[in-house]
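The sequence and the structure come first.

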2 protein chains.
Amino acid sequence: MTPNIYTCRRSLYAIPRGTAGVLPTLPMAEPMLKPPEHQVAGHRTLDGKLGPLVDGRGLFYKPLQGDGRGKDEVTFYSVFSSHPAVPPRILSFFPRFHGTHVLPSSDGSGPRPHLALEDLVAGFRFPSLIDIKIGARTWPLGSSDDYFRKCIARDRESTTASLGFRISGVQIQDPRAAAGFWRPSKSDVRVYLIPDTRRVLRQFVSMNPPSDGAKPDCGLASAVYGGPDGVLAQLRELKEWFEEQTLLHFYSASVLVVYEKDAVAGQQPEGSSGVRLKLVDFAHVEEGNGVIDHNFFGGLCSLIKFISDVINDPEGDGWKSNRVQLSCENGNMEKNGNLMP
Amino acid sequence: MTPNIYTCRRSLYAIPRGTAGVLPTLPMAEPMLKPPEHQVAGHRTLDGKLGPLVDGRGLFYKPLQGDGRGKDEVTFYSVFSSHPAVPPRILSFFPRFHGTHVLPSSDGSGPRPHLALEDLVAGFRFPSLIDIKIGARTWPLGSSDDYFRKCIARDRESTTASLGFRISGVQIQDPRAAAGFWRPSKSDVRVYLIPDTRRVLRQFVSMNPPSDGAKPDCGLASAVYGGPDGVLAQLRELKEWFEEQTLLHFYSASVLVVYEKDAVAGQQPEGSSGVRLKLVDFAHVEEGNGVIDHNFFGGLCSLIKFISDVINDPEGDGWKSNRVQLSCENGNMEKNGNLMP
């Protein structure tokens, strides 16, 4: 067994009590586990570190963190996936939940419970994907001071506070790149500001690859972002629900978009775009207690505006023509310069 | 001249250059200035302190703070009130701007520029009014560290962070109260949590006065919050604009609602409710630069949900029947209690 290939030990499966009835039965044959090929955000299974595994048959296993976050995410999936107030269409925006399974850890530290979820890139050969963390605040209100300080520093330096969302990771199919994908490093993505975010959202739906250095052509914008089952339509469905739902508040959760350039480029006008949009990462979900998730909702609507801009404004700078200028930069505000006695 | 009565000195008026053409001419007679009777939030003109003045003829004068905030608010009004991209209907949600005027300060410190605005309670005899500061974040991103720390502490301890809005002040007509109004002190309002906020939003539209200690009857909810020109309809108009507008971001701005119980209670079914809703306080407005004001927008939508709840749920606890429970309080989550090895 190589360090990154794991055998699934069915005998150690731990299905949360009370949910077994709704969980599908797992296949009997022992699947081979390996690190996911197309992960762009979160803990990565590299160089023997602890990270997620996939079984190549449609399941994604996320190891439970020992600090309670893993347990919280399991609780979320257990409760949410069977809550009668969640419409089925909304449930379809979440990865399907397959219980928890005890598997050998990817870091060689022995057996550990893993959250078993739908593998969102299963079936894609060359998936382009982007992970966008939603919300202007990534910390729940009851956070420890340490966690609050860590998060708010990151929220202020990234686009989280300014845009209400930030890109956490991206990979774009690019035949010229070594691995077949353009995939900026975590440290590059970490310092994305608003203009970088605009650019990457345009590159994500362009025919010309990011590595050619040219302006993104946005050639796939209407196919991926537009259309009846494109990103914008799906985000608007989510928006409608978030405008009303007071069940849960989602902190640090992401929208994950996956599509395949070839499939979209060769798509028939009437056909489905095959664009997959899911919400992921629920380690910081809180009870809503009758209050809408205004933080997630505001960020989602900000993202919707940015995505609409890519479709409606092919040149990408239309917003500049319609501004209010409050600063004195060009001297036209000096009329207010000497009002105090 | 008593300490709180001021004579308007026309000779010292300072109309911002470039805006004089759009400003109405002031009446020639010298109006008498006095502190506003119905102010519930902001700096109050009490005991000779620096605060706003009204002329009893429809104008409200706000002294310019010396720290730049006053100047920033003047800049906002000058630019916004004549910006071609602002629809007239949206402009009607803002107090009309009448330039800046140098007037004697209410604290006796001599002449000082004042922002001249429409007096929003002019024409009301016994106005009930509420000031609701919108947004989960009250500080602009470029704030000094001191200002940021001060604001975020306040945002976390009030309902600003949790609800996306907080009540800043309220007065409700109450014949039993000494002054004819129930008006909680600033220090009382400062510590309002979510249940207090729910209660006050219900008391604000109840026939039974807050001082009787009974459960608010919400007898005026449909007349004040509902209807074609009620609070909800007006908030939804604003919401539509904020969902798209990328001109400006409003931090620490408030929604102010004013109405008169007698007028609303005696209202004909077809008549106008006479409910006035305006946005106020623009000392912390920033350029939007193509990004929607997701912070204000999210808070506005959270308020809309709370106001809808008052109309749709006369008992006030309907939200409790539709909850997701993630905690272990009643033991039904213990299934997730022992997942770690």
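## Helices α6 and α10 of chain A

Helix α6 (residues 194–203) of chain A and helix α10 (residues 294–312) of chain A have axes that come within 10 Å and cross at roughly 55°, where axes are lines fitted to C-alpha atoms, for helices over the stretch in contact, and angles run from 0 to 180 degrees between N-to-C directions. The pair α6(A) and α10(A) is therefore oblique, since angles under 35 degrees count as roughly parallel, over 145 as roughly antiparallel, 65 to 115 as roughly perpendicular and the rest as oblique. Helices (H or I, at least four residues) and strands (E, at least two) are DSSP runs, numbered from the N terminus. The crossing of α6(A) past α10(A) is right-handed; a crossing is left-handed if the near helix is turned anticlockwise from the far one by less than a right angle, and right-handed if clockwise.

On the α6(A) side the contact (heavy atoms within 4.5 Å) is made by Ile194(A), Arg198(A), Leu201(A) and Arg202(A), and on the α10(A) side by Leu303(A), Phe306(A), Ile307(A), Asp309(A) and Val310(A). The residues of this contact of α6(A) with α10(A) comprise 6 nonpolar, no polar and 3 charged, with Ala, Val, Leu, Ile, Met, Phe, Trp, Tyr, Cys and Pro counted as nonpolar, Asp, Glu, Lys and Arg as charged, and the others, Gly among them, as polar.

## Helices α8 and α10 of chain A

The axes of helix α8 (residues 231–244) of chain A and α10(A) also come within 10 Å, crossing at roughly 160°, which means that α8(A) is roughly antiparallel to α10(A). The crossing of α8(A) past α10(A) is left-handed.

Among the residues of α8(A) that meet α10(A) are Leu235(A), Leu238(A) and Phe242(A), and those of α10(A) include Phe297(A), Leu300(A) and Ile304(A). The residues of the contact of α8(A) with α10(A) divide into 13 nonpolar, 1 polar and 3 charged.

## Salt bridges

Over all chains the count is 29 salt bridges, each being a side-chain nitrogen of Lys or Arg within 4 Å of a carboxyl oxygen of Asp or Glu. In chain A, Asp146(A) pairs with Arg149(A) in a salt bridge whose closest N and O atoms are 3.4 Å apart, and the two residues lie in helix α3 (residues 145–157) of chain A, 3 residues apart, about one turn of the helix. Asp146(A) is exposed, at a relative accessible area of 56%; buried means under 20% relative accessible area, exposed over 50%, and partly exposed in between (1.4 Å probe, protein chains only).

In chain B, Asp309(B) and Lys305(B) meet in a salt bridge (3.1 Å, N to O) and, being 4 residues apart in helix α10 (residues 294–312) of chain B, are separated by about one helical turn. Asp309(B) counts as buried at 16% relative accessibility, and Lys305(B) is buried at 15%.

## Chain A overall and basis of the model

Chain A contains 10 helices and 13 strands, and 56% of its 341 residues count as buried. Of the contacts in chain A with a separation of 6 or more, 69% are between residues 24 or more positions apart.

This is a predicted model, in which local features need pLDDT of at least 70 and side-chain atom pairs count only at pLDDT 80 or more, while totals for chains, interfaces and linings use all residues. Residues are numbered from 1 along each chain as its sequence is written, chains are lettered from A and ligands numbered from 1 in the order in which they are written, and side-chain values use heavy atoms, with hydrogens and water left out.
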